[in-house]
Amino acid sequence: MWLLPLVLLTGCDLLVLNPAGDIAAQQGNLIVISTLLMLLIIVPVIILTFVFAWRYRKGNTEARYEPDWDHSTKLELLIWGAPLLIIIVLGVITWVSTHKLDPYRPLERIDAERPLAADHQPMTVQVVSLDWKWLFIYPEQGIATVNELVTPVDTPIRFKLTSSNVMNSFYIPALAGQIYTMAGMETQLNAVINKQGVFDGFSANYSGAGFSHMRFKYHAVSDEEFEAWVKSTRDNADSLDRTSYVELEKPSEREPVRRYGKLDPELFEAIVNRCVVPGTVCMKDMMVADANRIRIDAAVMNMSKNEAAARLALINDEVCSSTPNLMKNEDARAY
């Protein structure tokens, strides 16, 4: 009877603890290390609970009875010292790993045994979460796909992610942790896959009726297979431009794999700036207009250069903290 749970678990694939990507592997190690450190407290407490209950049971007349006992320096040091040390160790691990595994941070290695050259250039994949499907844009290859992601193994990938509307979460357990996608914003994930295979990807954030079927397959292939796949995709006559994107953006469920052999190179920036539809003012253009308005206000109000620059910097910080590639500091320096 006791062996039944173990028998049932033999069919489980603990992918999070046995991933195919280096980033996910490091994240899995953090889970194991944190669990073991916490077990250093939990296991002794559980054992001592049963020991004390048995030792000081009513029927044990040999147990010492000390009703006036109220303090022990040794016990206090043990009870508070051990957890404090573990908390300090966990804090150090958290601080180091938070910076080391920052999804925006460029990779420094392919895996534990193979470092990357300082001047290496990662491959870029632009990701757009739609209702309820995933769009993958390969700007360097000039192609795009729906619900199909293909990358070569041992190649650093820089994912640039956004959403067409509702917030989602891009998650491939075998590759790395989940990253949110939000409309009007660009998030990033730097990762690498180290084993060939087909892995599951999905949204880990509820986004409506079709959320359950918002899944895709991630194909990790060799360099030769990737080049062949790119060539076959380029042979596809379908083109992804602003008009076709507007149609694709409409909500749909269980969307089959699509491939686009031609691509509007400015489509992703238009999606981020929410100006795909012709005639729509881009967010970055709105910010430029606001900057010009500040200049006019500054002239009218006879503001000093420092006051005007400070006001521009405030708007710049508020905007750029939530929307990438918009107004930069050049506008402030123009003063």
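Analyst: The chain exposes about 20100 Å², and carbon and sulfur atoms supply 61% of that area (Shrake-Rupley method, 1.4 Å probe; for residues, only the protein chains shown count as cover). The model is a predicted one, in which local features need pLDDT of at least 70 and side-chain atom pairs count only at pLDDT 80 or more, while totals for chains, interfaces and linings use all residues. Residues are numbered from 1 along each chain as its sequence is written, and side-chain values use heavy atoms, with hydrogens and water left out.

The secondary structure comes to nine helices and 15 strands (DSSP runs numbered from the N terminus: helices are H or I, at least four residues; strands are E, at least two). Of the chain's 335 residues, 38% count as buried (under 20% relative accessible area; exposed is over 50%, partly exposed in between; 1.4 Å probe, protein chains only). Among the contacts with a separation of 6 or more, 67% come from residues 24 or more positions apart (contact means heavy atoms within 4.5 Å).

Helix H2 covers residues 22–55 and helix H3 covers residues 73–100; they pack at an angle of about 170°, with axes 10 Å apart (axes are lines fitted to C-alpha atoms over the stretch in contact; angles run from 0 to 180 degrees between N-to-C directions). H2 is therefore roughly antiparallel to H3 (over 145 degrees; under 35 is roughly parallel, 65 to 115 roughly perpendicular, the rest oblique). On the H2 side, the residues that meet H3 are Gln-26, Leu-30, Ile-33, Ser-34, Leu-37, Met-38, Leu-40 and Ile-41. Their partners in H3 are Ala-82, Pro-83, Ile-86, Val-89, Leu-90, Ile-93, Ser-97 and Lys-100.

Gly-21 is found in the loop between helix H1 (4–9) and H2. At 2% relative accessibility, Gly-21 counts as buried. Leaving aside neighbours within four places in sequence, Gly-21 is in contact with Ala-174, Leu-175, Val-192, Ile-193 and Asn-194. Gly-21 and Asp-154 are 133 residues apart in sequence, and their C-alpha atoms are 8.9 Å apart in space.

The rest of the chain gives the setting, starting with the strands. Gln-126 sits in strand S3, which spans 123–130. With a relative accessible area of 12%, Gln-126 is buried. Beyond four places in sequence, Gln-126 touches Leu-135, Phe-136, Ile-137, Pro-139, Lys-160 and Phe-268. Ala-118 is exposed, at a relative accessible area of 87%. The C-alpha atoms of Ala-118 and Pro-106 are separated by 9.9 Å, for 12 residues along the chain. The loop between S3 and strand S4 (133–138) holds Trp-132, and the peptide bond from Asp-131 to Trp-132 is cis, with omega near -10°.

Strand S6 (residues 148–152) contains Val-150. Val-150 has a relative accessible area of 2% and is buried. Apart from neighbours within four places, Val-150 is in contact with Met-123, Tyr-138, His-219, Val-221, Phe-226 and Trp-229. Lys-217 is 67 residues from Val-150 along the chain, and the two C-alpha atoms are separated by 8.5 Å.

Further along, the loop between helix H5 (242–248) and strand S14 (258–260) includes Glu-255 and also Arg-254. Glu-255 is buried, at 14% relative accessible area, whereas Arg-254 counts as exposed at 61%. The side chain of Glu-255 makes a polar contact of 2.4 Å with the side chain of Arg-258 (a pair of N or O atoms within 3.5 Å; within protein, one must be able to donate a hydrogen and the other to accept it, and residues adjacent in sequence count only if both atoms are side-chain atoms). Outside four places in sequence, Glu-255 is in contact with Lys-133, Val-146 and Asn-147. Arg-254 has phi near 50°, a positive value in a residue other than glycine.

Arg-274 also has a positive phi, near 55°. Its loop runs between helix H6 (267–272) and helix H7 (283–300). Arg-274 is partly exposed, with a relative accessible area of 41%.
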